[in-house]
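These are my notebook entries on a single structure. I record below what I looked up, entry by entry.

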Amino acid sequence: VSQQLKEEIRRGFAGLEDPLAALVAMLENSSDWKGKGHSLGYYITMELQLWIKEHPAVPQSGIQLEKLQARVLRILSQCPANLLDPLISIYQLHTADRNYLLEHVSHLYLKGNYKEAAMLSMKLQLQPDQDVEKMCIPLLLQDKANVVEDYVGGYPELQSKLLQILDSWCGPGVNIRDVTRPYQGLSRYKPEKFNHRTLSKLVFRLLDRFHVDPDLCPNVVNQRHVRTLNYLFYKRFVEKTMTEENWADHVQSTVGDRRCLQGHLVQLLLRHCHPPVAARWARHWGLPTDLLPPGLAEEPPELRTQERVEEATKADNYEDSKKKDCYQLPIPRENIHFLQTWEETLQCWEKVLQPGQVVGIDMECKPSFGMVGKPRVALLQMAVKDEVFLLDLPRLLEQAEVEEDKEKLPRFIQMLYSDAAITKLGYGMSGDLSSLAATCSALKDTEQQLHGVVDLLTVDKQVDGLSPEHSHEERGVRQQEKGLSLLVQHVLGKPLDKTEQLSNWEKRPLREEQILYAASDAYCLLEIYERLCKDPESFGLSSDLMESLVGKRSVKPRAKKQLNKQEAPSPSGQCQGSQMEPPRASAPVSPREFSVVCDNMLQGLGRYLRCLGVDVRMLDNEDDHRKAAEIARQEGRVILTSGLPYQTLQSQVGEGRCFSVNCSEKAKEQALQVLKHFNVQVSLSDVFSRCQ
């Protein structure tokens with residue numbers, strides 16, 4: 001807003017006998033403020049709010065204020081979100097009669113304006129006096145779970161009550177249709193979004209966000225355990241990718257003494273094992289004998305011995321044949337060092353923190369199987385030429401706490417990641433760094449300080465086919481491997497042995513198989529990097545790709561929000577299109593997969609793109625242009641800007657992540673230009689699919 005307009009507005013206030021009444025009358029008799037964005041009515045309201053702070057004698061009280069509050073409440077039900085706070089402040093609605101406010105919100109609710117009723121309740125802090133179930137069910141049925149989360153935020157009692165309600169709907173024998181039947185005439189009703197699975201996900205998200213004890217939701221937790229058991233049996237008996245020891249360990253910790261899970265475990269045993277073997281495992285875990293079929297409670301000793309010998313022989317033969325076909329660690333066992341004390345780690349830092357050093361880094365966490373909380377790092381692996389160091393992170397952090405020097409270990413880890421003279425190799429580094437931050441709060445900013453990193457996940461998406469040694473017949477045949485194992489197979493000829501992947505990495509001592517697995521995961525990164533740098537063309541990579549990737553900073557990606565393969569930000573934030581063809585989209589993407597941040601001269605474009613379903617963030621008028629780069633790096637967004645700021649901003653993000661828009665065109669033409677450049681395909685269902 002120009003200074004001249006501000007001064008004119010303030011002169012108008014000074015000449016009015018009752019500015020508060022005048023503003024209400026203006027809003028009642030005009031409609032420009034009902035639209036999106038910053039209207040003249042919005043600017044007048046904001047200036048009045050500032051003017052009142054400078055003229056404290058202006059605010060009214062008593063009957064006159066109550067009359068104005070009643071009129072303002074009617075306006076609030078129609079006004080955009082940016083007017084709610086200033087109007088509530090100007091007319092002191094927090095001091096209004098609480099019953100009157102609740103009655104007004106109830107009126108909105110009965111008219112079917114559920115979101116508006118919830119938003120106004122939040123602004124006026126009415127939640128403790130409302131029925132959380134009544135307020136939240138319609139919002140959930142309209143797929144507005146984010147509003148529900150905000151509604152109970154800050155109110156632990158409401159959070160617990162809501163979680164108990166949601167958990168009760170997931171109980172055995174509960175039909176979700178019975179819950180939703182009274183709301184079938186609801187506008188924007190999305191029954192497909194309201195089922196046991198989505199409810200379960202919502203419950204776990206709320207438990208995690210509000211740090212609530214999972215025991216409050218026994219039904220949902222039990223269902224998650226059932227799915228975990230099914231998964232463990234699939235990995236062990238169908239995929240055959242889990243060792244017996246790992247499988248038995250996880251099964252026992254999942255089931256515990258929960259009788260309903262014990263019954264499900266017996267069913268799975270009988271489905272996947274011979275009855276005598278099932279009975280033996282049932283006894284091994286101490287399951288109640290009444291859960292077993294008649295005749296299996298006791299097992300003849302000779303049969304027990306015979307079954308065990310046959311099963312052990314079969315398993316050993318299978319594991320031996322499988323290991324021969326997998327990547328073999330090319331260094332002697334004595335070059336793998338398991339470090340549990342600070343003194344032992346000094347030899348690691350001495351070798352790793354050398355200028356010009358190349359370090360393969362990996363981390364192992366105990367599998368959470370979808371339970372609450374972020375995984376914590378149990379083992380940190382660092383590989384250099386001919387050596388691997390395995391850091392027992394929980395033990396080292398515990399020792400540092402006892403010695404009252406908590407910053408010692410994090411300081412060295414940060415030195416490593418921030419040193420541009422040391423090349424750090426990883427695979428999916430963003431996920432590893434997130435787990436590292438959850439394990440040690442002193443490392444939470446590590447991802448913003450990265451230099452000299454190469455995330456091989458970025459390279460993996462560009463590697464063409466199998467390694468040169470493979471025959472033409474083998475090329476194009478997709479193996480069962482995935483992730484890093486598949487990349488190892490493509491580049492080095494054999495996949496990783498992943499049988500220890502789902503180990504309990506927090507259990508000490510580590511088994512020999514776990515130590516070899518952990519060392520292989522880190523060391524193979526060195527071999528892949530060396531091979532790709534020597535002969536990138538054989539894998540469909542440009543000759544200077546590896547060099548161009550080193551040293552770029554990492555950006556945390558938005559989950560499930562990627563552009564096409566050329567422009568998708570990698571987990572380390574490096575642009576995948578770097579040094580390759582121009583960053584134009586080759587495959588169409590939907591608006592919901594397209595995330596942008598609009599510079600402050602393009603707010604009209606931002607609003608237009610949001611109407612089309614694009615995920616848009618906009619800078620405010622007072623924001624510095626450089627804030628766009630900060631947001632783009634943190635959230636994996638494309639910057640839309642114009643003029644001189646483009647020259648500055650494009651150098652702060654990856655290639656293809658900053659786009660210059662013609663500022664002389666109207667918003668519609670600008671939007672068409674952006675959609676065409678990034679090949680964003682808009683469908684009818686995308687229009688107005690996002691909150692305006």
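Entry 1. I began with Glu635, which is buried at a relative accessible area of 19%. The cut-off for burial is under 20%, so I note that Glu635, at 19%, falls within it. I worked throughout from a predicted model. The side chain of Glu635 meets that of Arg617 in a salt bridge, at 2.6 Å from N to O. This pair links distant parts of the chain: Glu635 belongs to helix H27 (residues 626-635) and Arg617 to strand S8 (residues 615-618), 18 residues apart. Arg617 is partly exposed, with a relative accessible area of 31%. I also recorded a network in which salt bridges that share partners join Glu149, Asp150, Arg205 and Arg209.

**Entry 2. Other salt bridges.** I found that the structure holds 28 salt bridges. One of them joins the side chains of Asp290 and Arg259, at 2.5 Å from N to O. Asp290 is exposed at 52% relative accessible area, whereas Arg259 counts as partly exposed at 44%. I then looked up Glu403 and Lys408, whose side chains meet in a salt bridge at 3.3 Å, N to O. Here Glu403 counts as partly exposed, at 40% relative accessibility, and Lys408 counts as buried, at 13%.

**Entry 3. Helix H19.** Which residues of helix H19 are buried? In this helix (residues 393-402) I listed Leu393, Leu396, Leu397, Gln399 and Ala400. Seen down the axis of H19, these buried residues fall within an arc of 160°, so they line one face of the helix. Glu398 and Val402, on the other side of H19, are exposed. I next asked what the buried residues of H19 pack against. Their partners are strands S1 (336-339), S3 (377-384) and S4 (387-391), together with helices H18 (342-352), H20 (408-418) and H21 (429-439). After H19 comes Glu404, with a positive phi near 55°.

**Entry 4. Strand S4.** I turned to S4, one of the strands against which H19 packs. S4 is mostly covered, with five of its five residues buried. In a regular strand the side chains alternate between the two faces of the sheet. I found Glu387, Phe389 and Leu391 on one side of S4 and Val388 and Leu390 on the other, all of them buried. S4 pairs with S1 in the parallel sense over four bridges, and Leu339 stands opposite Leu391. S4 runs antiparallel to S3, joined to it by five bridges; Val388 is the bridge partner of Ala383. S3 and S4 form a hairpin with two residues between them, and Asp386 in the turn has a positive phi of about 75°.

**Entry 5. A surface patch.** On the surface I noted a nonpolar patch formed by Val682, Leu684, Val687 and Phe688, with about 420 Å² of accessible area together. Leu684 lies in the segment after helix H29 (667-677) and is exposed, at 79% relative accessible area.

**Entry 6. The whole chain.** Of the 692 residues, 49% count as buried. The accessible surface is about 33600 Å², and 50% of it belongs to carbon and sulfur atoms. Among contacts between residues at least 6 apart in sequence, 67% join residues at least 24 apart.

Conventions
Residues are numbered from 1 along each chain as its sequence is written. This is a predicted model: local features need pLDDT of at least 70, side-chain atom pairs count only at pLDDT 80 or more; totals for chains, interfaces and linings use all residues. Side-chain values use heavy atoms; hydrogens and water are left out. Buried means under 20% relative accessible area, exposed over 50%, partly exposed in between (1.4 Å probe, protein chains only). The arc is that of the directions from the helix axis to the C-beta atoms. Contact means heavy atoms within 4.5 Å. Patches are made of residues with over 30% relative accessible area and no salt bridge: like charges are joined within 9 Å, nonpolar side chains (Val, Leu, Ile, Met, Phe, Trp, Tyr) within 5 Å. Accessible areas come from the Shrake-Rupley method with a 1.4 Å probe; for residues, only the protein chains shown count as cover. A salt bridge is a side-chain nitrogen of Lys or Arg within 4 Å of a carboxyl oxygen of Asp or Glu. Two strands pair if DSSP finds at least two bridges between them.
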